[in-house]
Amino acid sequence: TDLKQKQAADELGVFAMFAEGQESYTVLENNLVKLILSNKGGKIHSVELKQYKTWDQRPLILFEGPDNLFSLQFFSQNRNIQTDKLYFSTTAPSNVAISGPEVKSGDMGDEKFNADHPGGSESVRYRIEMKPGSYMEFVYTLKHNSYMVGFEILNGGLTGFVANNQPYMNLQWAFSVPRQEKKSQYGEDRYTNVYFRYFQDETDKLNANKSDEENLSTRVQWIGMKQLFFNSTLIADEFFPDAHVKNERLADDEKYLSKFSADISIPIDGKSGGKFGMNFYFGPNHFKTLRQYRMNLESQVNLGYSIIRPVNRYLIIPVFNFLRDYISNMGIVILLLTIFIKLILFPFTYKSYLSQAKMRVLKPEMDEINQKFGNDKPMDKQQAIMALYKKAGVSPMGGCLPMLLQMPILIAMFFFFPASIELRQQRFLWAHDLSTYDSILDLPFTIPFYGNHVSLFCLLMTITTIISTYQSSQATAGNTMPGMKTMMYMMPVMFLFILNSYSSGLSYYYFLANVITIGQNYVVRSLVDENKIRAQIQLNKKKTVSKSKFQQKLEQMARERGIQPPAPKKK
């Protein structure tokens, strides 16, 4: 014991009196979060989200125990003191439960609901006191129905105990990230990363494809340790002066995804009393929940590239949330969302089909032009084709507009479904979880780029895509560029391999979109009378084609130079 005390005195100096003790725990919990706090280091020992379970129905723990480092570091008598080695005192009981009004699922974590229906709030304090009035204290505060945990570091004046020339202390925070979802090459591993927001500036993140680290040499508002559906984020009341963040990938580990770490400067010195306020967010990556804090925390929800995010934010998410308010079955919600999007695009789809019908009517004359010019005079052939389009009043680009409008939505969905926590552990038909792949057959071997299972929704998506592609090729028969038809049929096969391990909700959406498209094509085909189109085209061809303003200006410039434009050919 004497040897231990001597070692502690050598290592910790005046703080050696706090080197020995009995570790004890305090449970601080509300209806959403369960924190286990430890007097050793005065730290959060573990965090459990009470409303969620892991994919195999175990309690969902964000981090716990020895896999969690939380320590304030400073110098005292030329010694590096680490608070995780010190035993703090507390007057808190072993269990602190926070009560409040009953909360429906749609109001969980809603700060507006909390303002209208306030509940309880409790704090747990941990202190090391050198002498009366000279102490360091950690304060954890939790309110009812909130994912936010208040955290304050109080300095009661440590002059003589902490180095006077030290303007900052360093807060070290690190933990190994446990797997929460079924292992998939396009699942948690793909989305686990460290995010951070510069003070009053943009959000950034580490490289998502490999282990990475970065020195944040300017002020930082928050640092988020993000998984696919959950995050642990430390938020400064004002800002952290600087920080160093690191993500060490553990791709082959069956239990853990990564090891996150952050070394953060805290502007507390040892000369004068003061405090530094922070908050932890321990909760879901739910867009609406994160956005309510107005700190850009919602950027941790991966909604796609900057050009695509507005589609998800202002169109897909509001409609999806509206449907969720009235319908609990996610499969039905996705069906209605698909119908809504198809209805928006239907006017453009109808115009596209009309354009395709006009192109089919012009096919005999197109064949004549091709036969007349062959491949020897491509420029003459192109001019003749464009002249035909102009006379007939047909736009060759008319069929492209709907595709251009659909592409942002298709890409937005590609990001929306895998990142939507609303689909997590939601069953529909044979799919046990719409947030991950649906397997109707597990293979005893792995097919490169495909996987070791068969996703039925992905298979149905591929089949209906091929049928839809066949319909489109029939509608544009004779107008497809050489080699394009082969590419059109290759794409569905490629997506079969790509999406086999993706969210089944995504494949289900694409399948529904294809089925509706196939139905639309049959309906529109019955509504379009090609004989009327043919008669209208013939009528258009008899009309005098007016010159564009650009063409008129060119002819005027030619006349001014003494060049007489050629007279129009007589019919």
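A residue is classed as buried under 20% relative accessible area, as exposed over 50%, and as partly exposed in between, with a 1.4 Å probe and protein chains only. The model is predicted, and local features therefore need pLDDT of at least 70 and side-chain atom pairs pLDDT 80 or more, whereas totals for chains, interfaces and linings use all residues. Residues are numbered from 1 along each chain as its sequence is written, and side-chain values use heavy atoms, with hydrogens and water left out.

The protein chain contains 14 helices and 21 strands, taken as DSSP runs (H or I of at least four residues for helices, E of at least two for strands) and numbered from the N terminus. Of its 571 residues, 47% count as buried. The chain exposes about 29,400 Å², of which carbon and sulfur atoms supply 55%, the accessible areas coming from the Shrake-Rupley method with a 1.4 Å probe and, for residues, with only the protein chains shown as cover. With contact defined as heavy atoms within 4.5 Å, residues 24 or more positions apart account for 67% of the contacts that have a separation of 6 or more.

Salt bridges, for which a side-chain nitrogen of Lys or Arg must lie within 4 Å of a carboxyl oxygen of Asp or Glu, number ten. In one of them, glutamate 254 is joined to lysine 183, with the closest N and O atoms 3.3 Å apart; this pair links distant parts of the chain, since glutamate 254 lies in the loop between β17 (243-249) and β18 (256-266) and lysine 183 in the loop between β11 and α3, 71 residues apart. Glutamate 254 is exposed at 61% relative accessibility, while lysine 183 is partly exposed at 37%. Arginine 179 and aspartate 189 form a further bridge, their closest N and O atoms being 2.9 Å apart, and here both partners are buried, arginine 179 at 7% and aspartate 189 at 13%. Arginine 127 bridges to glutamate 129 at 3.8 Å between the closest N and O atoms, and both residues belong to a salt-bridge network that also includes Arg125 and Glu137. Arginine 127, partly exposed at 24%, also lies over the face of tyrosine 135, at 3.7 Å from the ring centre; for such an arrangement, NZ of Lys or CZ of Arg must be within 6 Å of the ring centre and within 35 degrees of the ring normal.

Aromatic pairs, which require ring centres of Phe, Tyr or Trp (its six-membered ring) within 6.5 Å and are stacked with planes under 30 degrees apart, edge-to-face over 60 and tilted otherwise, come to 32. Phenylalanine 457 and tyrosine 508 form a tilted pair, with 5.0 Å from centre to centre and 50° between the planes. Because phenylalanine 457 lies in helix α10 (residues 456-475) and tyrosine 508 in helix α12 (residues 504-527), the pair ties together parts that are 51 residues apart in sequence. Phenylalanine 457 is buried at 1% relative accessibility, as is tyrosine 508 at 5%. Serine 504, also placed in helix α12, is buried with a relative accessible area of 0%, and its contacts beyond four places in sequence include Phe457, Asp433 and Tyr437.
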